[in-house]
Amino acid sequence: MKLYLNATSPYARAVRITAIEKQLDQPLELVWVDPWQSPEALLAVNPAAKIPVLVTDTGAPITETLNILFYLDQQAPGGLQLLSQLQPHPPSLTLLGFGQALMDAAFQTVIARKHDGNRADQHELAQRRIQAIHRLLAAIDLHLSEHPHQTQPDISICDVVIGVALAYLDFRLSEIPWRSDFPALADWMTQIEARKSFEATRFE
Ligand SMILES: N[C@@H](CCC(=O)N[C@@H](CS)C(=O)NCC(=O)O)C(=O)O
C-alpha cells in the first residue's frame with residue numbers, strides 16, 4: 001500500500017501512526033508530495049489535491065483520514081483496535097469527534113496564517129476557530145477525566161487523533177499554553193508521545 005503524504009500534515013501523521021500501531025505485514029510505501037503544488041501524481045489519485053491518500057494494493061485510492069484509518073483497521077488483526085473499541089463505547093466517538101475538530105481548527109488556523117499572514121487571525125472566521133480550539137481543549141480535558149481509559153499497552157483511534165492534534169498545536173501554534181492550562185491532559189500526552197509510533201513520525 002502507498003501513502004501520499006508530507007512531513008507537516010497532522011492528518012498524514014495520524015495515518016502513519018495508525019499503520020505502525022496496527023502492525024501491518026508490509027510497511028506503507030511513502031510517496032512524499034507537496035499538495036499545495038497540485039502535482040499530477042497526487043491529482044491522479046485525489047482530484048481534491050489533498051493528502052493523505054492511501055492507495056491499496058489493488059490500486060484503489062482512499063481519501064479522507066478517517067476513511068483511511070477505518071480501512072487500515074480492517075487490514076490487520078493486531079495492534080490498535082479501531083471499530084471494535086469504538087462501537088461499544090459511544091464516549092469514544094464523542095472524543096474522536098472533538099479530536100478531529102481540534103485538528104481541523106488548528107490546521108485551518110495555520111493555513112490561513114500561511115496565506116494571509118498575521119492579519120488572518122483578525123477575520124471573524126479565524127476568531128471562531130481560535131475560540132473553538134480553546135473550548136475543544138477544555139472539553140477533551142474534561143472528557144478524559146470523566147472517562148479515564150488505559151493507553152497502555154494499546155491505544156485507540158481517539159488517542160491517535162487527539163495526540164496528533166495536540167502535537168500539532170505544539171508544532172505550529174505553540175503560543176497556546178494548553179499544557180499549563182490542562183496539566184492532566186499534558187500528563188496524558190506524555191504517555192502517548194512516548195510510544196514508538198509517535199516517536200517515529202515526529203513533525204519536521
Ligand atoms: N478532511 C481531510 C483534510 C486533509 C487536508 O486538509 N490535507 C492538507 C494537508 S495537511 C492538504 O492536503 N491541503 C491541500 C489543499 O487543501 O489544497 C482529511 O481528513 O484527510
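Start with the whole chain: the C-alpha centres of domain 1 and domain 2 lie 21 Å apart. To colour them, select 2-75 for domain 1 and 83-195 for domain 2; these bounds come from an automatic or database domain assignment. The model is predicted, so local features need pLDDT of at least 70 and side-chain atom pairs count only at pLDDT 80 or more, while totals for chains, interfaces and linings use all residues. Residues are numbered from 1 along each chain as its sequence is written, and side-chain values use heavy atoms, with hydrogens and water left out.

Stop 1: In contact (heavy atoms within 4.5 Å) are 14 residues from domain 1 and 20 residues from domain 2.

**Stop 2: polar links across the interface.** Between the two domains, 2 residue pairs are in polar contact, both residues at pLDDT 80 or more. A polar contact is a pair of N or O atoms within 3.5 Å; within protein, one must be able to donate a hydrogen and the other to accept it, and residues adjacent in sequence count only if both atoms are side-chain atoms. On the side of domain 1 that touches domain 2, the elements giving two or more residues are α1 (10-22) and α3 (65-75). Helices (H or I, at least four residues) and strands (E, at least two) are DSSP runs, numbered from the N terminus. The largest share of that side, 7 residues, comes from α1.

Which residue forms a salt bridge with arginine 195? Select glutamate 21: the closest N and O atoms of this pair are 2.8 Å apart. A salt bridge is a side-chain nitrogen of Lys or Arg within 4 Å of a carboxyl oxygen of Asp or Glu. The structure holds 6 salt bridges. Arginine 195 sits in the loop between α9 (183-193) and α10 (196-199), glutamate 21 in helix α1, 174 residues apart.

**Stop 3: the ligand.** A backbone N or O atom of isoleucine 51 lies 2.8 Å from a nitrogen atom of the ligand. In glutamate 64, a side-chain N or O atom is 2.7 Å from a ligand nitrogen atom. Threonine 65 has a polar side-chain atom 2.7 Å from an oxygen atom of the ligand.

**Stop 4: two backbone details.** Isoleucine 51 is joined to proline 52 by a cis peptide bond, with omega about 0°. Proline 52 lies in the loop between α2 (40-43) and β3 (53-55). Last, select serine 38, in the loop between β2 (29-32) and α2. Serine 38 has a positive phi of about 45°, although it is not a glycine.
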